[in-house]
Amino acid sequence: MKTDLTIVGGGAAGLAAALSAIDPQLNILIIEREPRLGGILNQCIHNGFGLHMFQEELTGPEYANRFIEALKDKHIDILLGTTVIDIQKKTDFEITLTSEANGYQHLTSKAVIIASGCYERTRGAVQIPGERPKGIMPAGSAQRYLNMEGYLVGKRVFILGSGDIGLIMARRMTLEGAQVLGVAELMPYSNGLTRNIVQCLNDFDIPLYLSHTVTDIKGKDILEQITIQQVDDKFEPIPGTEKVFEVDTLLLSIGLIPDVGLFDSLQMKKSPITKSAIVDQTLMTNVEGLFVCGNALHVHDLVDWVSKEGEKAGKTAKAYLLEQKHEEKDLKSIAPGSNIRYVVPHLIDYNHLTEPIQCAFRVTKKMAQGQFKVVQNGEVILLKKAKHIAPAEMENLIIKPEDLKSKDPIEIHLEEIV
Amino acid sequence: MKELTCIVCPVGCHLSVDESLKVVGNRCPRGEKYAIVEMTSPKRMITTTVRTTFEDCPRLSVKTKEPVPKSLMFDILATLEGIVVEKNVKIGDVIVADACHTGVDIIATKSISSQGVNL
Ligand SMILES: Cc1cc2nc3c(=O)[nH]c(=O)nc-3n(C[C@H](O)[C@H](O)[C@H](O)COP(=O)(O)OP(=O)(O)OC[C@H]3O[C@@H](n4cnc5c(N)ncnc54)[C@H](O)[C@@H]3O)c2cc1C
């Protein structure tokens, strides 16, 4: 099998990438390991998707459907129930696939877009003390069991971490008849959207314990009891603040990580902060012809931005294939400055700068008011004011080619306005 | 006196409302309106799933077409307990009409067919 562009993953990012890469001269293939397209959106049956893309509040499956419908009757090949298990870069990309229907298959492709999404951090990642019974799982897994298979994983539930997935599951499990005893959050503030705190916790009188974490777990075989404790400003548990809950389920909502481990054989350069590839403004990695987008590149909170980034990857991959011109690069950094945790893209390729650069980034602290400054050679070349800035919310900034005064590196800073 | 967090915008003002519906703590008029609606006739969208007989899609996701009174949430969910979808369904198809006499239909948020789901 031979193709021009292979897209790994048929979620929001992969679908948007495919749509914007369509061209009569190109053979495009989407490979998705699940039996249907849509990715994580299929299990997100709550509404709140699409406000930026469609100015409407859609549920996850409805949002996915807009893109799936748009792909129908288009010149695109789709392999469902098929997993990419290896990609090697020779002259072209050599891809190994496996599926129940066809077993192992090999494929060569001129360009690849990785849109494989992210996975959830587990108990091991945060080293919760105590015994290791059944009944402890990531909140997204519980969401999948409930919304796609119809299994309620427990009846007496506690949630660690106040990320949006955890909050949404607190409401969802309550509506399905479970009792959610509380949510513990290590930080002194919640990581979730205010509207989720209100509509998922306050609506059902579920307590939120800020500056608290789980410090003990009991249960030989099945989870029986957890202990939470308040923490000080160094996140050390404070003795005497223990609270004990009898529960059969502990859901973890403690963070997501881009799922690109499978592509290590490609030797793409990675960022220790985003835990995924370093890309330039075309979303190309240091591996010629390899692009990454969506949650596989960095974790987004809104699907709308995932779709926009997927669109970008599709468009630039198409240009790369039709114009084949990335041999000579002039790469300079887009570095995170004061109060900024990371910026994607990490690099500008000045030799292929034709369109505005869409920068996505996260800040390190909460601010009521601030301004973002793009700095080149010590000079501020772009200024953007913003309100209600928070680490949990991704920020966006567009730098136009004409904003750039030279071909030097740039930095993005955040300054507080008091 | 009731304490509320406003969700109209990202500021999240802490509101207090008393029995005569006097609102304090709001930084803009939208907060006052939100608090009064929350105190008098709060509404919510319900999103959930119903059972199906389709082997590769055992649950069909559904939602109330419009927000419904918050007080009826659990009653409306109870009416969905016994529903089993056996036929092909398209997004927007009515699964239950006029849920609990609210005048609001419960509609499918996913299409399913015996030819397989989604393409
Ligand atoms: C639980 C949860 C709740 C969310 N709630 C909201 C919300 O309320 N509002 C909002 O705007 N956003 C929400 N988001 C965010 C948003 O929905 C996601 O960021 C977005 O859908 C991610 O799209 P994606 O295409 O990057 O990843 P995914 O949807 O994860 O798609 C990746 C796809 O790649 C496939 N894949 C992975 N590896 C391989 C392989 N090796 N071979 C073949 N296929 C592979 C996977 O099966 C999957 O289908 C939520 C996210 C999560 C995880």
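**Backbone, helices and voids**

Tutor: Start with A:Gln55, which sits in the loop between α2 (51-54) and β4 (58-59) of chain A. Keep in mind that this is a predicted model.

Student: What is the phi of A:Gln55?

Tutor: The phi is positive, about 55 degrees, although A:Gln55 is not a glycine.

Student: Which residues does the cis peptide bond join?

Tutor: A:Val344 and A:Pro345, with omega at about 0 degrees. A:Pro345 belongs to the loop between β21 (340-344) and β22 (347-349) of chain A.

Student: Helices next. At what angle do α1 and α8 of chain A pack?

Tutor: Helix α1 (residues 12-21) and α8 of chain A pack at about 40 degrees, and their axes are 7 Å apart. Because of that angle, α1(A) counts as oblique to α8(A).

Student: Is the crossing of α1(A) and α8(A) right-handed or left-handed?

Tutor: Right-handed. On the α1(A) side the contact includes A:Ala12, A:Ala13, A:Ala16 and A:Ala17, and on the α8(A) side A:Gly310, A:Gly314, A:Lys315 and A:Lys318 are among the residues involved. By class, this contact of α1(A) with α8(A) has seven nonpolar, four polar and three charged residues.

Student: Where else does α8 of chain A turn up, say in a pocket lining?

Tutor: In the second largest pocket, where helix α8 (residues 303-323) of chain A gives the most to the lining, with eight residues.

Student: How much space is in the second largest pocket?

Tutor: About 340 Å³. The pocket is lined by 18 residues, and the closest to its centre are A:Lys312, A:Lys315, A:Thr316, A:Thr354 and A:Glu355. By class, that lining has four nonpolar, seven polar and seven charged residues.

Student: How many cavities does a search of the whole structure find?

Tutor: Two of 30 Å³ or more. The largest cavity has a volume of about 40 Å³.

Student: What lines the largest cavity?

Tutor: The lining consists of A:Ile45, A:His46, A:Ile168, A:Arg171, A:Arg172, A:Leu175 and B:Thr47. Helix α6 (residues 164-175) of chain A supplies four residues, the largest share. The lining of the largest cavity splits into three nonpolar, two polar and two charged residues.

Student: Stay with α6(A). How does α5(A) pack with α6(A)?

Tutor: Helix α5 (residues 139-149) of chain A packs with α6(A) at about 35 degrees, with the axes 9 Å apart. Their crossing is left-handed. Residues of α5(A) such as A:Gln143, A:Leu146 and A:Asn147 take part, and among those of α6(A) are A:Ile168, A:Met169 and A:Arg172. By class, the contact of α5(A) with α6(A) has seven nonpolar, four polar and one charged residue.

Student: And at what angle do α6(A) and α7(A) cross?

Tutor: Roughly 20 degrees, and the axes of α6(A) and helix α7 (residues 194-201) of chain A come within 8 Å. That angle is why α6(A) is described as roughly parallel to α7(A).

Student: Which handedness does the crossing of α6(A) and α7(A) have?

Tutor: Left-handed. The contact is made by A:Asp164, A:Leu167, A:Ile168, A:Ala170 and A:Arg171 of α6(A), together with A:Asn196, A:Ile197, A:Gln199, A:Cys200 and A:Leu201 of α7(A).

Student: How do the residues of that contact divide by class?

Tutor: The contact of α6(A) with α7(A) has six nonpolar, two polar and two charged residues. A:Ile168 and A:Arg171, both in this contact, also line the largest cavity.

How values were computed
Residues are numbered from 1 along each chain as its sequence is written. Chains are lettered from A and ligands numbered from 1 in the order in which they are written. This is a predicted model: local features need pLDDT of at least 70, side-chain atom pairs count only at pLDDT 80 or more; totals for chains, interfaces and linings use all residues. Side-chain values use heavy atoms; hydrogens and water are left out. On a 1 Å grid over the protein atoms alone, a cavity is a set of points where a 1.4 Å probe fits but cannot get out, and a pocket is an open set with protein on both sides within 12 Å along at least five of seven lines; lining residues have an atom within 4 Å of a point. Grid points are joined across faces, edges and corners, and a volume is the space filled by probe spheres set on the points. Helices (H or I, at least four residues) and strands (E, at least two) are DSSP runs, numbered from the N terminus. Ala, Val, Leu, Ile, Met, Phe, Trp, Tyr, Cys and Pro count as nonpolar, Asp, Glu, Lys and Arg as charged, and the others, Gly among them, as polar. Axes are lines fitted to C-alpha atoms, for helices over the stretch in contact, and angles run from 0 to 180 degrees between N-to-C directions. Angles under 35 degrees count as roughly parallel, over 145 as roughly antiparallel, 65 to 115 as roughly perpendicular and the rest as oblique. A crossing is left-handed if the near helix is turned anticlockwise from the far one by less than a right angle, and right-handed if clockwise. Contact means heavy atoms within 4.5 Å.
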